[in-house]
Amino acid sequence: MLGISGSLRKDSTNSLILQTIQLHQSGMADMEIYSGLDQLPHFNPGITEPDIVKEFKQKLAAADALIISTPEYAFGVPGVLKNALDWLVSSGELNEKPVAAISASPLWSGGDKAMASLLLTLQALGTHTSENTTLSIPLIKTRFNSDMQLTDPEILHQLKNLVKNLLCILNPKT
């Protein structure tokens with residue numbers, strides 16, 4: 001599995017969510033968190049694909065599943081995440097790939113507009129998502145302790161279920 005945070009901020013709660021999943025899913029599946037989002041150049045279909053984009057696509061193609069956790073910026077996904085996904089249009093790395101989408105926001109809305117935007121893009125890319133592999137987390141800043149560890153038991157439970165549901169798409173017989 002591959003995790004992608006839609007935020008570049010060092011102390012991003014969305015990155016911390018992926019780290020929490022990585023920590024708490026031991027035994028279910030291995031997950032690598034992609035760290036090169038900020039290195040991808042601006043999407044331009046008229047140029048030769050740079051090596052960093054080829055490497056990004058190879059990581060996605062090799063992953064059994066993908067988990068994206070994103071904040072909401074200006075009622076949508078951050079430009080850096082949208083840019084990365086734009087590089088995948090018509091290349092097929094995400095076609096039929098199981099994908100979980102998480103939006104986390106300090107607002108009551110839980111980043112619902114970012115989630116809607118992300119799901120539209122994922123649909124265009126041909127991914128396999130469902131209502132069981134999406135999660136909006138409102139008031140995200142209140143869910144972490146002073147050590148930046150996710151302590152909300154309900155959110156931890158929801159994240160574990162999200163991963164379980166994602167793995168069920170991979171292996172429907174479990």
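Tyr 34 is buried, and Phe 56 is buried too. The exercises below start from these two residues in a predicted model.

**Exercise 1.** Find the aromatic pairs and classify each by the angle between its ring planes.

Solution. 
- Step 1: Count them. The structure holds two aromatic pairs.
- Step 2: Take Tyr 34 and Phe 56. Their ring centres are 4.9 Å apart and their planes meet at 45°, so this pair is tilted.
- Step 3: Tyr 34 sits in the loop between β2 (32-33) and α2, while Phe 56 sits in helix α2, so the pair ties together parts 22 residues apart in sequence.
- Step 4: Take Phe 43 and Trp 87. Here the centres are 5.1 Å apart and the planes stand at 90°; planes over 60 degrees apart count as edge-to-face, so this pair is edge-to-face.
- Step 5: Phe 43 is in the loop between β2 and α2, and Trp 87 is in the loop between α3 and β4, so parts 44 residues apart in sequence are tied together.
- Step 6: Phe 43 has a relative accessible area of 32%, so it is partly exposed. Trp 87, at 4%, counts as buried.

**Exercise 2.** Describe the largest nonpolar core and say which element gives the largest share.

Solution. 
- Step 1: The core has 25 residues. Among those with the most contacts inside it are Ile 4, Phe 56 and Leu 60.
- Step 2: At least two residues each come from β1 (2-5), α2 (51-62), β3 (66-70), α3, β4 and α4 (112-124).
- Step 3: α4 gives the largest share, four residues.
- Step 4: Another core lies apart from this one, with 23 residues, including Ile 102 and Leu 156.

**Exercise 3.** Lys 97 is buried: what surrounds it, and how far away is the nearest side chain of opposite charge?

Solution. 
- Step 1: Locate Lys 97 in the loop between α3 and β4.
- Step 2: The nearest side chain of opposite charge is Asp 64, 6.2 Å away. A salt bridge needs atoms within 4 Å, so Lys 97 has none.
- Step 3: Look for a polar partner. A polar atom of the Lys 97 side chain lies 3.0 Å from the backbone oxygen of Leu 60.
- Step 4: List neighbours. Lys 97 touches Leu 60, Asp 64, Gly 126 and His 128, among others.

Methods:
Residues are numbered from 1 along each chain as its sequence is written. This is a predicted model: local features need pLDDT of at least 70, side-chain atom pairs count only at pLDDT 80 or more; totals for chains, interfaces and linings use all residues. Side-chain values use heavy atoms; hydrogens and water are left out. A nonpolar core is a set of buried Ala, Val, Leu, Ile, Met, Phe, Trp, Tyr and Cys residues joined through side-chain atoms within 4.5 Å. Buried means under 20% relative accessible area, exposed over 50%, partly exposed in between (1.4 Å probe, protein chains only). Lys and Arg count as positive and Asp and Glu as negative; His and the chain ends are not counted. A polar contact is a pair of N or O atoms within 3.5 Å; within protein, one must be able to donate a hydrogen and the other to accept it, and residues adjacent in sequence count only if both atoms are side-chain atoms. Contact means heavy atoms within 4.5 Å. Rings of Phe, Tyr and Trp (its six-membered ring) pair if their centres lie within 6.5 Å; planes under 30 degrees apart count as stacked, over 60 as edge-to-face and the rest as tilted. Lists of a residue's contacts leave out its neighbours within four places in sequence.
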